[in-house]
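Here is a short report on one protein chain. Please keep the sequence and the 3D view open while reading.

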Amino acid sequence: MKIYFSLFSAFVLFLFWGCGGQKDYTRDFSKHKIKIITTTGMIADAAKNVGGERVSVTPLMGPGVDPHLYKASEGDVSRMAGADLILYNGLHLEGKMTDIFARMQQRIKTVAVAEAIPQDSLLAPPQFKGAHDPHVWFDVRLWKIVVTRIRDALVEMDSTHAQEYQERAKNYLARLDSLDRYVLRQALRVPKRQRVLITAHDAFNYFGRRYHFEVRGLQGISTASEAGTADIQRLADFIKERQIPAVFVETSVPQRYIEALQAAVHSRGFDVKIGGSLFSDAMGQPGTPEGEYLGMVKHNIDIIVSALLKN
């Protein structure tokens with residue numbers, strides 16, 4: 001997708017790429033931290049857990065921000081130009097920033113962390129026109145691959161502290177194993193017929209595959225698409241037929257789509273409640289449990305199970 005820069009951003013990029021050849025990523029970081037810029041909060045959290053005190057991590061996208069629609073600001077371009085390492089999801093999640101990452105790669109180590117996942121583990125829904133679903137963080141096992149890629153990037157840049165990165169990654173991966181088991185146990189508490197997750201857009205397909213949920217979304221994988229009247233009516237019929245007790249809103253997607261669905265179900269003589277707000281493309285506020293990946297995932301599964309079991 002074409003990116004339109006302001007004159008300021010263009011000037012920054014001209015200065016940045018006009019002064020020297022290919023950057024040597026490997027250097028001495030003993031006197032200062034590795035400065036990491038990430039797109040999403042999920043990637044930032046993984047980088048902090050692996051890098052520890054050796055890194056300084058700044059996410060561009062905060063709570064409630066939709067990465068599908070995000071456009072880099074002048075400040076973002078300047079921050080990336082001053083980074084040692086840029087980590088982004090890839091798989092077209094940050095569609096409006098693709099050209100920037102390609103240019104940054106000329107001078108700064110820039111890694112699409114989700115593209116480390118083997119293609120045979122990725123989903124490619126027909127409606128996404130041959131591209132892969134980018135929402136890999138909802139399968140905790142796949143997110144472990146992302147964490148490993150971040151570990152490897154840090155080791156490549158700062159081999160002096162390789163053992164520290166490897167040890168921190170090992171400990172964090174063990175915590176992710178525990179989280180994966182917890183989510184699976186919680187999911188299987190819901191009877192199979194009720195194990196249906198309905199949200200505003202198709203962000204939970206990996207979650208559904210791993211944790212045995214049937215997943216339905218009003219919008220496509222990207223929130224750039226709009227939910228049409230026919231989509232709402234079809235999903236309303238499905239909810240009434242299956243007697244689904246709850247649907248869910250997302251913190252980074254407008255609630256009006258789910259409210260329209262709720263009204264359509266009501267017009268059919270059945271009431272479906274909004275079971276709660278799920279974190280999809282962004283995490284919660286910093287300093288809260290949901291502001292970290294483990295807490296975000298735990299929040300989501302607890303909300304889903306409670307609502308579907310009518311607790």
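## A strand pair

I34 stands opposite V55 in strand 2. Strand 2 covers residues 55-59, and strand 1 pairs with strand 2 in the parallel sense over 5 bridges. Two strands count as paired if DSSP finds at least two bridges between them. Strand 1 spans residues 34-38; 4 of its 5 residues are buried, so strand 1 is largely enclosed by the rest of the structure. Buried means under 20% relative accessible area, exposed means over 50%, and partly exposed lies in between (1.4 Å probe, protein chains only).

## Model and overall make-up

This is a predicted model, in which local features need pLDDT of at least 70, side-chain atom pairs count only at pLDDT 80 or more, and totals for chains, interfaces and linings use all residues. Residues are numbered from 1 along each chain as its sequence is written, and side-chain values use heavy atoms, with hydrogens and water left out.

The protein chain has 10 helices and 8 strands. Helices (H or I, at least four residues) and strands (E, at least two) are DSSP runs, numbered from the N terminus. The chain has 311 residues, and buried residues make up 54% of them. Take the contacts between residues at least 6 apart in sequence: 71% of these join residues at least 24 apart. Contact means heavy atoms within 4.5 Å.

## Salt bridges

Side chains of opposite charge can pair when their charged atoms come close. How many salt bridges does the structure hold? The count is 12. A salt bridge is a side-chain nitrogen of Lys or Arg within 4 Å of a carboxyl oxygen of Asp or Glu.

D180 pairs with R210, with the closest N and O atoms 2.6 Å apart. E214 forms a salt bridge with R216; here the closest N and O atoms are 3.2 Å apart. E214 is partly exposed, at 29% relative accessible area. R216 is also partly exposed, at 32%.

D237 forms a salt bridge with R268, and their closest N and O atoms are 2.5 Å apart. D237 belongs to helix 8 (residues 229-242), while R268 is in the loop between helix 9 (256-266) and strand 8 (273-278), so the pair links parts that are 31 residues apart in sequence. D237 is partly exposed, with a relative accessible area of 40%.

## Helix 2 against helix 6

Two packed helices are described by the angle between their axes and the distance between the axes. The axes of helix 2 (residues 41-51) and helix 6 come within 7 Å and cross at roughly 125°. That makes helix 2 oblique to helix 6. Axes are lines fitted to C-alpha atoms, for helices over the stretch in contact, and angles run from 0 to 180 degrees between N-to-C directions. Angles under 35 degrees count as roughly parallel, over 145 as roughly antiparallel, 65 to 115 as roughly perpendicular, and the rest as oblique.

Which residues make the contact? Helix 2 supplies D45, A46, K48, N49, V50 and G51. Helix 6 supplies E164, Y165, R168, A169, Y172 and R175. By class, the contact has 5 nonpolar, 2 polar and 5 charged residues. Ala, Val, Leu, Ile, Met, Phe, Trp, Tyr, Cys and Pro count as nonpolar, Asp, Glu, Lys and Arg as charged, and the others, Gly among them, as polar.

## Two positive phi angles

L91 is not a glycine, yet its phi is positive, at about 60°. L91 lies in the loop between strand 3 (85-88) and helix 4 (98-104). L91 is buried, at 8% relative accessibility.

Q243 is not a glycine either, and has a positive phi of about 55°. Q243 is in the loop between helix 8 and strand 7 (246-250). Its relative accessibility is 47%, which counts as partly exposed.

## Helix 10

K298 lies in helix 10 (residues 293-308). Buried or partly exposed? K298 is partly exposed, at 37% relative accessibility. Not counting residues up to four places away in sequence, K298 touches L179 and Y182. K298 and Y182 are 116 residues apart along the chain, with C-alpha atoms separated by 8.2 Å.

N300 is in helix 10 too. N300 is buried, at 3% relative accessibility. Leaving aside neighbours within four places in sequence, N300 is in contact with F138, F204, L278 and F279.
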